[in-house]
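Hi everyone, thanks for coming along.

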Amino acid sequence: LASVIGHFVVGASLALPFTASKAVTRDVRSSGLLVSAGILAAVPDLDTVFYGVIPYGHFFGHRGFFHSPFFAIVLSIVLTRLIFGISRHGSLKAWLAVFSVFCLAGISHALLDSMTDAGLGVMLLYPWSKQRIFLPWRPLYAPPIDWKHLSLRQIRLMVNSELPLLAFAVTSLGLRTVLGRLYSRKHWKNNAVKDRMP
Ligand SMILES: [Zn+2]
């Protein structure tokens, strides 16, 4: 695992540009989308709860099935269906945006973990392969799973290796600003055309 904070930041950053669209925010609260994306990006590490019971290399072990992009997509379908099913409203655009954000957040966890420098890789290609895979570039420090005994040095290594993830958040913020401007200009133009209707 990378840290919970690292995963959360990346997940929320992936959701941020989507909040520029009025079609999305009409049906979904921006803050809700950001927070749920952050949580979804961190949630696969709940598989460490069974760390002592299910071996690391097991199909359901840490970084196994629950870390696979396949599981992220299935979970996203279920959650999106639940959200829009309960509220009984929502445009197709909002539905697609929420689904995409959830998928991206879940898959980001798998990708970040496969860029860490220790442990077993991630089941990235399931259901085609159960192989645990690392990406060729592994700059992220993987702290021990038993985080209660984390030393100060390990925390420092983790923070240093994850600091560049903030660039991700900044880029996302920039993209959100640009998209927000584009949307409001489009909205303004549409209204201007409507006003001139005879
Ligand atoms: Zn993980």
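Let's start with a pair: the side chain of His109 makes a polar contact with the side chain of Asp45, at 3.2 Å. A polar contact here is a pair of N or O atoms within 3.5 Å; within protein, one must be able to donate a hydrogen and the other to accept it, and residues adjacent in sequence count only if both atoms are side-chain atoms.

A word on the background: this is a predicted model, where local features need pLDDT of at least 70, side-chain atom pairs count only at pLDDT 80 or more, and totals for chains, interfaces and linings use all residues. Residues are numbered from 1 along each chain as its sequence is written, and side-chain values use heavy atoms, leaving out hydrogens and water.

So, are these two residues buried or exposed? Asp45 counts as buried because its relative accessibility is 8%, and His109 is buried too, at 0%. Buried means under 20% relative accessible area, exposed over 50%, and partly exposed in between (1.4 Å probe, protein chains only).

Now, which residues coordinate the zinc ion? They are Asp45 (OD), His67 (NE2), His109 (NE2) and Asp113 (OD), at 1.9 to 2.1 Å. Donors are N, O and S atoms within 2.8 Å of the metal (3.2 Å for Na, K and Ca); water is not among the atoms, so sites may look incomplete. In sequence, the donor residues are spaced D-x21-H-x41-H-x3-D.
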